[in-house]
Amino acid sequence: MKTGRLSDQFVAFFCLLGGWWLVASFVASPLLPAPLEVFEALSKEFHEQRLIESLLVTLQRVVISFVFAMLLGGIIGVLMGRFRLVNRILDPLLIILLNIPALVIIILLYIWFGLVEVAAVAAVIINKLPNVAVTLREGGRMFDHELEEMSVMYGFSFQQKLWHLWWPQLFPYIMIATRSGLALIWKIVLVVELLGRSDGVGFQLHLAFQSFDVATILAYSLAFISVVQLIEWFILQPLDRRASRWQKGGSNV
Amino acid sequence: MFEFHVEGLALSQKQVLSALSIRVQPGETHCLLGPSGSGKTTLLNLMAGLAQENVEALGNGAKDKNYWSPNPPEIGYLFQQPRLLPWRTIMQNLLLVEPDKEVVLNLLEEVKLQDYVDYYPAKISLGMARRVALVRCLLLKPELVLMDEPLTSLDLPTAREMRVLIKRLVCDHPTRSMLYVTHDLDEALELGDSVSVLGNVPAQVIYNSRIDEVSRNELEALLKH
């Protein structure tokens with residue numbers, strides 16, 4: 001990441017921190033703790049080994065749900081984008097899924113399958129899948145017809161088409177779905193944990209909510225936001241840069 | 001000899017081509033002249049076996065999509081635009097067609113692009129991209145090369161350079177045949193051994209001759225027809 005952009009982000013972060021501290025000092029209420037109190041809560045949760053454990057449990061749920069939602073939603077979306085018949089059949093279902101509130105899906109799956117891990121993860125996948133499908137459907141629709149013809153003419157194998165023709169065209173859409181997916185999935189995972197699991201960040205938030213412990217609520221939120229930001233910096237942005245090298249032209253050397 | 005025959009071509013249910021036969025001798029360059037919109041590109045796509053939306057071929061060959069006699073030749077198709085994968089370097093583009101790097105490099109040297117192997121297509125000029133596309137086409141070792149106005153949009157010196165390359169690598173090849181679609185008379189007269197002219201609506205071959213048996217004025221008059 002460029003130093004300039006990083007320093008801009010730190011300036012924004014410290015401005016936010018300063019504003020928060022000012023407002024908290026002015027309000028002086030346990031319902032809006034100052035940054036220092038939140039960091040103390042964070043430290044306490046860390047030393048009592050709840051923070052890392054909860055983060056890992058939630059992260060595991062996020063990763064599993066994300067992978068399945070991206071895979072299934074991606075395949076369905078691309079097929080819908082490429083084949084009109086598939087689109088006609090699945091479009092109404094997609095619209096229904098897009099409009100069912102996340103909470104309804106979560107509650108229904110818990111009622112039908114019990115408060116089990118599979119129901120929790122499935123609820124997250126079902127919530128995210130239609131967004132991925134809609135995004136990737138656009139990607140499938142935007143395939144370059146002329147390059148497609150070229151690949152037929154030059155006898156590309158299926159693997160060659162997949163890796164060299166389709167994947168690069170889908171990549172921007174996959175990145176859009178990934179970014180919005182991560183943001184959405186971890187929020188839904190927290191609701192799922194709050195409603196029906198006995199571990200994870202959502203469960204810890206539930207406990208903190210019962211005692212109106214706002215400092216702990218904010219501590220867990222900050223911790224998870226940091227994790228997502230690290231994923232953005234160290235996985236998504238380098239991937240983005242690598243994949244968009246050709247747009248800047250130049251040589252590969 | 002390669003003979004292509006189709007009873008007619010309809011584009012979006014409107015007939016654009018009448019019954020048409022084109023014969024190309026081994027080692028010969030046959031130029032197909034015709035005004036814009038006469039269905040030349042659609043015809044080339046059909047010859048190359050590319051499925052086209054809204055295009056319907058008429059006649060017996062259309063059933064099994066075999067319009068060639070005696071057998072369909074090995075075809076290399078140089079599209080009007082280079083159609084290189086923009087996210088792959090020149091070398092990566094070519095290795096998808098011919099995995100032997102040495103063979104690719106030898107051909108790239110022939111078109112003087114050996115120093116650009118690691119460049120992305122966006123960084124090279126249109127003329128260079130057309131040369132890369134020519135190399136890719138030749139890597140297929142085609143018996144018949146289809147070219148669809150490959151000099152369009154090139155400035156004069158670049159077009160001349162490309163014409164010399166096409167002549168050296170395709171026309172002068174002893175066994176390689178070419179069907180060269182253009183609306184430029186000079187190109188046809190310089191590169192062709194024989195020529196067909198498309199005219200009328202729906203288009204049909206209105207003239208067919210050896211190139212040395214026809215004058216520029218005659219061809220000009222036929223194109224205005």
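Trainee: What should I know before I start?

Mentor: Residues count from 1 along each chain as its sequence is written, while chains are lettered from A and ligands numbered from 1 in the order written. In this predicted model, local features need pLDDT of at least 70 and side-chain atom pairs pLDDT 80 or more, whereas totals for chains, interfaces and linings use all residues.

Trainee: How many residues does helix α8 of chain A have, and what span would a straight helix reach?

Mentor: Helices are DSSP runs of H or I, at least four residues, and strands are runs of E, at least two, numbered from the N terminus. The expected span is 1.5 Å times one less than the number of residues. Helix α8(A), residues 158–196, has 39 residues; a straight helix would reach 57 Å, but its end C-alpha atoms are only 44 Å apart.

Trainee: Where is the kink in α8(A)?

Mentor: A bend is the angle between axes fitted to the seven residues ending at a residue and the seven starting there. Here the kink, about 50°, lies at Trp167(A), shortly before Pro168(A).

Trainee: In what order do the strands of the open sheet in chain B run?

Mentor: Strands pair if DSSP finds at least two bridges between them. The order is β4-β1-β7, with antiparallel pairing. Strands β4 (20–24) and β7 (68–69) of chain B have a single partner each, so one side of each lacks a neighbour in the sheet. Phe4(B) stands opposite Trp68(B) in β7(B).

Trainee: How many residues does each chain bring to the contact?

Mentor: Contact means C-beta atoms, placed from the backbone, within 7 Å. Chain B gives 20 residues and chain A gives 18.

How values were computed: Contact = placed C-beta atoms within 7 Å.
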